[in-house]
Amino acid sequence: MKVNIINYAIAFFIILLLSFLLPRLMPGDPLTAIYGEETLLSMTQELKSQLADSFDLDKPLWKQFFIYLYNLARGDIGYSYYHNAPVLRVVISYLPWTLLLMGTALILSTILGVITGIESGWRRGKTFDKALLVGMMSLSGFPSFFIGITFLLTFSVTLGILPLQGAKTAYSGLSGFPLLLDVLKHLILPLASLTLVFISGSFLLTRNTMVTILGEPFILTAKAKGLRDRQVRYKHAGKNCMLPVVTQTGIGFGTRLITGALFVEVVFSYPGMGTLTYNSLLMRDYPVLQGSLLIITIFVLGINLAVDLLYRKLDPRVGNAR
Amino acid sequence: MYKRAAEFTIFTVLAFLAFTTVTSVLAVTYTIADPTGDWGYPSLYGMYPRGSGYVRMSLIFDTLVWKDKGGIIPALAESWVYMPEKNAYVFNLREDVTWHDGKRFTAADVVFTLNYIKQHPWEWVDSNIIKEAEEIDEYVVEIYLSKPYAPFLTNVAGTLPVIPKHVWEGVEKPDQFVSEEALIGTGPYRLSDYNKAQGTYLYEAYEDYYLGKPEVDRIKFVKVSEEIAPTALKNGEVNASSVPPEILDDLRSKGLEIAEEPPTWAAKLIINHKKEPLSSKEFRSALAYAIDREKIVRIAKRGHAVPGSMGLIPPSNRSWHNPNVRKYAHDVARAKGIIDDMGYTTDKDGYYHKDDKRLEFELLAGSVFREEFSRIGELIKSDLEEVGVKINLRGLESKVADARIKNWNFDLAVGGHGGLGGDPVALNRNITGGGFNSARYFQNEELVTLLKKQLQEMDIKKRKRIVYRIQDICAQELPAITLYHPMWYWAHDGTVDIYYTDGGLALGIPIPINKLSFLEYHKQR
């Protein structure tokens, strides 16, 4: 356990360094990115130097890094050039929506994927299994934004039964239950697109593990004991499939938070971290990029830790391993 | 029978009465779609430095003068006069203006604002233009300029919003002043909500506005992606939105009205004129003859643009456009002739060579982020290669390309900028200015001198002559090649008269959201 925490600390520091360095190594500087394009602005020399000074852009990189670390230690994750607001406040206004969307999509796709995977593996080679396998394989081939656009065109534009965009109706004056309903209505399509894309991963993994496990002697024993099919399927085989699925979900969370969310968020104009990161990249808003990477890092490391701990529950051998 | 008719009449009258009372009680809300959504806190220093940020701020704050369809009109100032002997403007202010907190607006606020931007630079107005401001009496201000500055009325008096002295006095960090107090203005609207993540704004009409309470009670800005905006318009979810040109006919057939922007933007072939042979103006003119700009308009813009004026100012800017500049009609033979005269010979690969070196350039032309530029890049490549100049296309993310242009690390690039609909100070910004959008061209002394001179010429007729001459020289020298001026459109339901302000909003913002529109509302639907 001790080693574990040192590992996490090292990983955290390296990510911190990279998230500081990478945006700054890109060509293009924030002052030009934010102020250069708009030709109507009068950028006087005073204003330029004042901006560079207030953002510490005129200091050498290593100094900027130490200033960043010092501020971080005080709990200040930076000040956004573009949003003209503390990074924490910017990120916090976007984060809940992504967590809502990604969290539900991840949970839903994992549960559905595991159940279909178990059922499919159990019926290996039968028509049910084959149909599901083909269906899932083709689904996984579609990019999330493609499914999203198809849904949007069908349900919102053509049929007009679901909202066109956003996470809630602006200034509808709703509260309480109707507001919740409104948020859910907006959530359905992006959630469905993400779930459909994510589902194939956990499905394939569960199915494969299931097939392997079904060949194990303890399954034969369980069957020989005269246990009911369902008990063997879920209690004996199913539970043992969880290990790789949990790992994969844990690892996938971080990458999906950014990549998966980005496209779907853009398609549905959903206000989340994907949109924020993308815009900050275009505006060379280093502090927001760092800040959102930092928060995602904390999430990913936290989830990895949770997965590590969950492992011990799922497989006691892990805890005893030296 | 008569009874029936009477009953029917009474019923209709009652229904009509009920209907009118209901509609008059219901507040009028106007919803505007925006693909980006968030443009920052709509205070002077909180908004993002972009046109859309300015529009959101301009609903809350007023300037000394403003513009409508026809040009400059009085706003906080009732009248003004320029006194050449003192190089100063005198503004007589309205006496019936109140701040949103109820306090009276006076000359002291104007003087304070001008001094404030001297201490705390504000991106939109160069405060060096102003020497000092003096309060003559409670409602008269005299503003002394450091040098005569011709664009003063539109670009300073018509752009700088006046802020209340009693609120801003003692505010040392204006960019971090984002409380409700920072939004006390004199404008027709007050902000009642701003949601950064959702990209939404809600404004309520200010009852005591000096031109009367606006008829539109609430204005909403909501985030709607470009692709979805037309559907949202047709469904009536939004009242106005910018729209792509391809769907104009469809929208018109659904009863929507279209506002067409007089072009203010220019797409340009940016040339590294510090590099051989691009440094030769003859060679640049060969490029201009070789590129078929009409074809670019037809194919890449599907006709929704006008071919670029080599004098940079588009024909739609009627006050300043010089129609007689050199035109460079597509002429392959002429282009070849010029390159032949420079000592280049065609090799067996079909391209020009000199001293065993092929005449070839790298052309930075958009990427997935700027598909339009990629299409234009392809067309330019085929035109130039037809003449015998080899072109290597390169797609770069726009900020990367901007950085390379800024550092002169390129040959040719497709780029562009706006700001050409208003005052010709735009010529200075884009020919001798310091930004990457500028050609940064100082090789022609007359051009450099005239650019300085036009800013100080307060006589409009004389200034016009200078501006015409600048465009002439520009078209001969070709610091860059103007490719086309695109047309942009907004669609709306007609309840509010949405129009493009003459010369652009304030100092030339090409967005048809002018606060004056909302003072009137036509019950159409």
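**View 1. Chain B comes in three domains.** Chain B is split into domain 1 (10-49 + 187-260 + 489-519), domain 2 (65-168) and domain 3 (266-486), with bounds that come from an automatic or database domain assignment. Keep in mind that this is a predicted model, where local features need pLDDT of at least 70, side-chain atom pairs count only at pLDDT 80 or more, and totals for chains, interfaces and linings use all residues. As for labels, residues are numbered from 1 along each chain as its sequence is written, while chains are lettered from A and ligands numbered from 1 in the order in which they are written. Taken over C-alpha atoms, the centres of domain 2 and domain 3 of chain B are 38 Å apart. Still, 9 residues of domain 2 of chain B are in contact with 9 residues of domain 3 of chain B; a contact here means that the C-beta atoms of two residues, placed from the backbone, lie within 7 Å. On the domain 2 side of that meeting point there are 6 nonpolar, 2 polar and 1 charged residues. In this count Ala, Val, Leu, Ile, Met, Phe, Trp, Tyr, Cys and Pro are nonpolar, Asp, Glu, Lys and Arg are charged, and the others, Gly among them, are polar.

View 2. The mean pLDDT of chain B is 90, and 94% of its residues reach 70 or more; pLDDT is the predictor's confidence in each residue, from 0 to 100. Where pLDDT is low, the predicted coordinates should not be read in detail. The model as such scores ipTM 0.74 and pTM 0.84.

View 3. The largest nonpolar core has 159 residues, and B:L269, B:I376, B:A413 and B:I481 have the most contacts inside it. Such a core is a set of buried Ala, Val, Leu, Ile, Met, Phe, Trp, Tyr and Cys residues joined through C-beta atoms within 7 Å. A residue counts as buried if 20 or more other C-beta atoms lie within 10 Å of its own, exposed if 12 or fewer, and partly exposed in between, with C-beta atoms placed from the backbone. Another core, of 43 residues, lies apart from the largest one and includes A:L187, A:L196, A:L293 and A:L294.

**View 4. A covered helix in chain B.** In helix α2 of chain B (residues 51-58), 8 of the 8 residues are buried. Helices (H or I, at least four residues) and strands (E, at least two) are DSSP runs, numbered from the N terminus. The buried residues of α2(B) include B:Y54, B:V55, B:R56 and B:M57. They pack against β1 (29-34), β9 (200-205) and β10 (218-223) of chain B.

**View 5. A three-stranded open sheet in chain B.** Here 3 strands line up as β15-β16-β17 of chain B, with antiparallel pairing. β15 (345-346) and β17 (357-358) of chain B stand at the edges with a single partner strand each, so one side of each has no neighbour in the sheet. Strands β15(B) and β16(B) (residues 352-354) pair over 2 bridges, and two strands count as paired if DSSP finds at least two bridges between them. B:T345 has B:H353, in β16(B), as its bridge partner.

**View 6. Chain A, built from helices.** Chain A has 13 helices and 0 strands. Its C-alpha trace spans about 85 × 60 × 40 Å along the principal axes, and buried residues make up 37% of its 322 residues. Chain A is divided into domain 1 (19-73) and domain 2 (92-321), whose centres are 37 Å apart over C-alpha atoms. Their contact takes 9 residues from domain 1 of chain A and 8 residues from domain 2 of chain A. On the domain 1 side, α1(A) gives the most, with 4 residues.

**View 7. Where the chains meet.** 34 residues of chain A are in contact with 43 residues of chain B. On the chain A side, α2 (30-36), α3 (45-54) and α5 (87-122) of chain A each give two or more residues, and α2(A) gives the most, with 5. By class, that side has 18 nonpolar, 13 polar and 3 charged residues.
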